[in-house]
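This note is written for a reader who is meeting the structure for the first time. Please keep the sequence and the model in view while reading.

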Amino acid sequence: MAVFAFHQLEPFAGKSTTIRRPREFAYFSYDDEHVLHPLSDESLSYYYPPFFNTPGVRHPPVDLSAGFQTFKQRDDNVDEHLDALLDTLQAHEERELERLQCEHGEGDGRLEHVRVKTDVVTWRGMVTKILTAAFDDFNEFEMNATCFQGTIFIEENHSNKTAQKNSQNNQRPRPGQAPQEMMQYWGYKFETLSVLPRPWAEVSRDAIESREHAIVNNHAQYCSVVRTNIGTTSLVIAGEVDCVLGSKPRSPEDPIPWLELKTSADLQDNSPRELVKFERKLLRYWAQSFLLGVPSIAVGFRTPDGFVTRILELSTQKIPTQVKQGRWTWDGNVSINFTAAFLDLLKRTVTGDGVWRIRRVKGQKVIEILKVEESGTGNIVKDSFKKHRERL
Ligand code: A3P
Ligand code: MG
Ligand code: MG
């Protein structure tokens, strides 16, 4: 077993290690029924807020509870492993292969270039947990990892996630607090009220207004697949992006103006306790957005009973400096160096055949990497992906 201990954070302090701007090279959509469409952008959404902040103008608060009874909610108890990401990588590699064969003919030595070579393949959520671990004593996680063709594939250990969720759902709301399911609905309702299915210029006024009555459905998603580097580790990370500001640039070289949507209880009295709590939230917002190269975050501040009264747009890149100038409850450079060091240990540990568990127990300042299966790749790398790779 390898143990990554972080009782002291000094070793991670100082300037951040090298990082490479995440670049999208593939994407996929889930449709309204949660059917996967690799390399399709059909579920891409466009930002158009429910109201604009105009100085001196008060707009009516937006009710996020409306339509709760008709919420078409996805059952996330199904263990999806890395399947959608692997199907998309396969489709991407097949498309590249076809392109190369058209250009150079069969049997060309370039076929080896088609395989996406990287140290790590995983969901954005997994790296977010590592990136926030140093400063989040509440976080706990279990992941499964395996090495296949020189790449470490990491998935969430789903049985542990279900146990965690059940314990969360059993928590009773505090007096004056809305039930957990309602607060979760507010997040999706805010998304529905803040996006359009096509760029604003192509959408009629009626279509914008009809969002208010649309059934909230969280089955559809657009997920971006990016390449990035943290320290000496190259990663392919996939995660959902909520919407784009304007539209996607024509050139794949240009950064995409993604925007992440969040709802948050509004600050009541700016007390130190409240500010510390909000900085903790900012850590999660920043980590999640930083990893996919999402430059902006729109926070819909709401009343305790779910009415959005103001929307604050944040620049992801500026968040760590803002926090440093505030209560300084976390440090972005430390988080990045911590993640780089952890990934180095992971690369030294997860080698050869077998399955490893990556685990952090809540409150403990260690991440353990222990081998749980001596051979195979568990359920992490699906057979159809292995067969595809054999053909390459
Ligand atoms: P909020 O973030 O506004 O609360 P995301 O912000 O990642 O795009 O997720 C969209 C919404 O999904 C969240 O909106 C929240 O309602 C719900 N959600 C995401 N992660 C969750 C979690 N771990 N537990 C409960 N709900 C979650
Ligand atoms: Mg989202
Ligand atoms: Mg969001």
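The numbered points below go from the whole chain to single residues.

1. Basis of the note. This is a predicted model, in which local features need pLDDT of at least 70 and side-chain atom pairs count only at pLDDT 80 or more, while totals for chains, interfaces and linings use all residues. Residues are numbered from 1 along each chain as its sequence is written, and chains are lettered from A and ligands numbered from 1 in the order in which they are written.

2. Overall form. The C-alpha atoms of the chain fill a box of roughly 65 × 50 × 40 Å along the principal axes.

3. Burial and contacts. A residue is called buried if 20 or more other C-beta atoms lie within 10 Å of its own, exposed if 12 or fewer do, and partly exposed in between, with C-beta atoms placed from the backbone. Of the 392 residues, 32% count as buried. Two residues are in contact if their C-beta atoms, placed from the backbone, lie within 7 Å. Among contacts with a separation of 6 or more, 72% link residues 24 or more positions apart.

4. Secondary structure and the sheet. Nine helices and 17 strands make up the list of elements; these are DSSP runs numbered from the N terminus, helices being H or I with at least four residues and strands E with at least two. Two strands pair if DSSP finds at least two bridges between them. An open sheet of 10 strands has the order E1-E17-E16-E7-E8-E6-E11-E10-E2-E3, with mixed pairing. Its edge strands, each pairing on one side only, are E1 (2-5) and E3 (36-38). On average, neighbouring strands of this sheet are turned by 25 degrees against each other, direction ignored.

5. Pairs within the sheet. E7 (residues 141-148) and E16 (residues 355-360) run antiparallel and are joined by six bridges; Thr146 has Val355 of E16 as its bridge partner. E6 (residues 120-123) runs parallel to E11, with four bridges, and here Trp123 is partnered by Ala238. Between E10 and E11, which are antiparallel, there are eight bridges, and Val226 stands opposite Ile237. The hairpin of E10 and E11 has two residues between the strands, and Gly231 takes a positive phi near 60 degrees there.

6. A helix across the sheet. Which strands does helix H6 lie across? Helix H6 (residues 272-292) lies across E2 (19-30), E10 (221-230) and E11 (233-240), and runs at about 110 degrees to E11. Such angles run from 0 to 180 degrees between N-to-C directions, the axes being lines fitted to C-alpha atoms, for helices over the stretch in contact.

7. The shell around ligand 1. A residue is near a molecule if its C-beta atom, placed from the backbone, lies within 6 Å of it. The residues around ligand 1 are Gln184, Gly187, Tyr188, Phe190, Asp242, Lys262 and Thr263. Helix H4 (180-194) and strand E13 (258-265) each give two or more residues to this shell, and H4 gives the most, with four.

8. Val308. This residue lies in strand E15 (residues 307-315). Val308 is buried because 26 other C-beta atoms lie within 10 Å. Beyond its neighbours within four places in sequence, its contacts include Phe190 and Pro61. Val308 is 45 residues from Thr263 in sequence, with 8.3 Å between their C-alpha atoms.

9. Gln90. Helix H1 (residues 83-104) contains Gln90. Gln90 counts as buried because it has 20 C-beta neighbours inside 10 Å. Leaving out residues up to four places away, Gln90 touches Phe385 and His388.

10. His34 is not a glycine, yet its phi is positive, about 65 degrees; His34 lies in the loop between E2 and E3. With 17 other C-beta atoms within 10 Å, His34 is partly exposed. Asn270, in the loop between E13 and H6, also has a positive phi, near 50 degrees. Asn270 is exposed, with 9 other C-beta atoms within 10 Å.
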